[in-house]
Amino acid sequence: MAEQMKPGSGPLDYGNRLWLKVLFGVIFFMLYVPIITLVAFSFNTDRRGIVWRGFTFDNYVKAWNNSSLIEAMINSLMIAFIATLIATVLGAMVALMLWRFRFPFKGAYEAFMGLPIVIPEICMGVALLLFFNETGMMTAVVAMPWPLNLSNIIIAHVAFCFPFVAIVVRSRLVGFNRQLEEASKDLGASEWQTFWKVIVPFMMPGLVAGALLAFTLSLDDFVITFFTSGPETVTFPVKVYSLVRRGVSPEINAASTVLIVITVVATVLAMKLQAPQKSGKG
Amino acid sequence: MTDPIVSIRGVSKKFPGGVIAVDDVNIDIAPNEFFALLGPSGCGKTTLLRMISGLETPTDGQIIIGGQDMALTPPNKRPTNMVFQSYAVFPHMTVEDNVAYGLRVTGVPEDETKRRTAEALEMVKLSHLAKRKPDQMSGGQRQRVALARALVKRPKVLLLDEPLSALDAKLRDDMRMELTRLQETVGITFIIVTHDQDEALSMASRIAVIDKGAVQQIATPSELYEQPATRFVADFIGKVNLIDAKVLSKKAKAITCEAKGLGKLTFDTEKACGDTVAVAVRPEKLKISKAEPKAAGLIKVQGNVRDVAYYGDTSHIVVSIKGGPDLQVNVQNDSRTGGSGVERGQAIWVSWMPDDSLVLTE
Amino acid sequence: MDNWKDNRSVFWTLAGPGTFWLLVFFILPLGFLFVMSFSDKAIINGEVSITEYDYLTGISNYIRSVDTLYLTIIWKSIWVSALATVLCLLTAYPIAFGICFASEKWKPLLLLLVVLPFWINLLIRTYALIAVFRSQGYVNLALGAVGLGPYDMLYNNFAVIFGLVYVYMPFMVLPLYATIERLDKSYLEASLDLGASQFTTFLKVTIPLTMPGIITGVILVFIPCLGSFLTPDLLGGANAIMIGNVIERQFKAANDWPFGAALSFMLMYATFAALMLRAFLAKRSAGVDV
């Protein structure tokens, strides 16, 4: 196969090849068309959502007025918020501990920390369902006022989120020059002061990125929440699921679009915060 | 020359964004030459080498190898092979498979492949490591694998990118001799790229000195050293004293100028020049004496010793002269009682034969 | 790095909470599940109880899990996941490759565009596919415009496989991108210089040297596919259930928790087997580290 060489290009200039550009185009098209049409049709007046009949915000209004949907959304946000808080603290502590200390069976411990990431979600979900049931926690929290009745879900979310936070924070800590810490102590600061004034500021981008990651994971979670929630404590994805089982409707589109926007914003923010470190490693 | 094996005609390489890596280069390389592209980092020499190999394409000009224009020929079809600076020895294959790779992918029958591979390994003295994997070998050994891998293909031209730069001093000397010997044995054209003038001067039969993408001079090593064409070449190769001079008059075959600190000097040359030129003289051509030298025709100037650096076999003396730049003089230390016999602050005369200096117009 | 003994109080303060959380809210529940898998529903007054259990009665659940009915489903889950994984690889590799060789200013944008769908809720993305594939969905409408179809693209294996690929493909791009990015391009140049065609270079040099990334990506996709429940549930209907659906059913509709527990552990064992395979293969391949 004779390959023509354009003046100025090289044989490894794959980025310029037509077939690659076409392939990209096709795959991106297939990746985004379902999502874009979903968002687009959230503005459709047609009930069954196939044919475009007109632009409207009605679906958003309907979704807003759907009290159970709103309640589910508020539950999701509250769970995500609290779970993120706890997961970030736990994750940061584990990251610090792994970064700072040598100890026996460290490898095994790291594998242990990685288990929630590796175990299929459905196994974790049913295990927690069983656990909450057998320990009576399921019945206990139902009686509690909001937001405490969300406790089980929050506990579950923290369990699968904080290992992710630990990974993100740890990768940030790897770049920390310990001589900064030594300089601080040399200048008279105590361990505690050094921690807050030197280490924490350095960790901050990692903490924020980890927190955003935890937030997104919690907000989006379906499987684990599906098993650990009850009829009184429905979250947004679980609610959407029950609606979807009944059929397609533009209201779901509207609700989904809102979730998409929240997720995209959080993701882009998290990526931007990770970016400066990436160029350092590059 | 009779038909050059590689002919680079008006080749330029401009990158998007305006960077000109190679600027209108013209070089003819004869068959069986050991040719060097010499220049500082970033001068475009590696880009030029890659254009010869086909890994980059020129934005202007032609590259002709063995009489054929290579414009439409991709690198896998060119009669060239390259030894990369990082060697690029495939880590997932044994030494043997690495060397045989180029033969196998071009459909050479297996028995011939085995034979030629064994020969190539023998030539670089790696037969005993044929079954090893590269990660268990030293840098020097991997380089020899890369050499064997390229030579087994019997290319018309072998391209080497900074072949000695990654080796330590002792290995460098060994490899230098090895490469020269190989080139003579195998009888193909070698083109090397290097930033080290010692490498180029000691290995190559002709050198192209390149700066900022343009060719400064193409000549044999001794011509480059004794007759540099430009200030850059004079300064890049070896050490040189450069004295600025204002042109007083220009005739067809001579330039008369007023050199800083040296007075009026006339040079026989046919070069064209502007208002200023530089007088160049190598440190080892200068002589020092306490008394004024009386011999006729010498260029001489009086000055003060600013610094003496003793190097065992030679001494480097820096002499400051009134109205002109400091001159560096290299003297052999003949006297057994040590040194050049001069001290800092001493008044001294510096002189040289007119033929030992030349005028540079660019 | 300090030895833990040098600063015990700090060490335990940092290690304590996280370890406690995982032990109590992860390991312990898994332990409960494990016990449940060897248990049965209690029989009270001659009737099978809904809420009471006899613990540790034996391995009857496991025996039942390898019954033909379930074995078929497990087997189907494996081949559906495998097929989806392979398709993911075939689509993700060119994308990762193309991004690596794109110009510097496009790279971050292209990466973001590929990864972004992954961050959108799984449920929403799967739901979006329903609108695309159903009998009056976009694909059939488009095909109808040129006189083809309508085809049954929903509630069958095709939909599930497509759904899995759609959902997990971005997840495969990242490890592939990381490995291809680290590949020293001069290996490819050397191969071309020695006479190999682009295609041969790809087969003999690029693929072997990016194998660690390929293996990681494959495992990273295969495991979630195997355990997926939402995608086959929404897109597969009754015809295309996977092991995840069966487990879900045991805990909800069918109310046979012991059996569901056993099935869960079967799934976990399959997962671990895949992970060990990956560790084994990773050791054997040459890798890009040289």
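## Domains, sheets and chain contacts in a predicted model

Chain B is divided into domain 1, residues 6–231, and domain 2, residues 239–360. The model described here is predicted. Between the C-alpha centres of domain 1 and domain 2 of chain B there are 39 Å. Contact between these two domains involves 4 residues of domain 1 of chain B and 5 residues of domain 2 of chain B. On the domain 1 side of chain B, the residues that touch domain 2 comprise 1 nonpolar, 2 polar and 1 charged.

### Sheets of chain B

An open sheet of 6 strands in chain B has the order β6-β7-β8-β3-β9-β10, and its pairing is mixed. Strands β6 (80–83) and β10 (214–219) of chain B stand at the edges with a single partner strand each, so one side of each has no neighbour in the sheet. From one strand to the next, the twist of this sheet averages 20°. Helix α4 of chain B, residues 139–151, packs on the sheet and touches β6 and β7 (157–161) of chain B. The direction of helix α4 makes about 175° with that of β6(B). Within the sheet, strand β3 (residues 34–38) and strand β8 (residues 189–194) of chain B run parallel and are joined by 5 bridges. In this pair, B:F34 stands opposite B:F190 of β8(B).

A further open sheet in chain B is built from 5 strands in the order β13-β12-β11-β14-β20, with antiparallel pairing. Its edges are β13 (263–268) and β20 (357–360) of chain B; each has a single partner strand, so one side of each is left without a neighbour in the sheet. The twist here averages 40° from one strand to the next. Strand β12 (residues 254–259) of chain B pairs with β13(B) in the antiparallel sense over 6 bridges. Opposite B:T256 stands B:T266 in β13(B).

### Strand pairs

| Strand pair | Sense | Bridges |
|---|---|---|
| β3 (34–38) and β8 (189–194), chain B | parallel | 5 bridges |
| β12 (254–259) and β13, chain B | antiparallel | 6 bridges |
| β1 (101–102), chain A and β1 (2–3), chain C | parallel | 2 bridges |

### Contact of chains A and C

The contact between chain A and chain C takes 64 residues from chain A and 69 residues from chain C. On the side of chain A that touches chain C, 52 residues are nonpolar, 7 are polar and 5 are charged. The bridge partner of A:R102 in β1(C) is C:N3.

### Chain C

The secondary structure of chain C comes to 13 helices and 3 strands. Chain C has a radius of gyration of 24 Å, well over the 19 Å that the globule rule gives for 290 residues, so this chain is more spread out than a compact globule. Taken along the principal axes, the box filled by the C-alpha atoms of chain C is roughly 80 × 75 × 30 Å. Of its 290 residues, 46% count as buried. Among the contacts in chain C with a separation of 6 or more, 68% are between residues 24 or more positions apart.

Terms used
Residues numbered from 1 in each chain as written. Chains lettered and ligands numbered in written order. Predicted model: local features only at pLDDT ≥ 70, side-chain atom pairs only at ≥ 80, totals over all residues. Domains from an automatic or database assignment. Contact = placed C-beta atoms within 7 Å. Nonpolar A, V, L, I, M, F, W, Y, C, P; charged D, E, K, R; others polar. Pairing = 2+ DSSP bridges. Helix = DSSP H or I, 4+ residues; strand = E, 2+ residues; numbered from the N terminus. Axes fitted to C-alpha atoms, helices over the stretch in contact; angles between N-to-C directions. Rg over C-alpha atoms; globule rule 2.2 N^0.38 Å. Buried ≥ 20, exposed ≤ 12 C-beta atoms within 10 Å, placed from the backbone.
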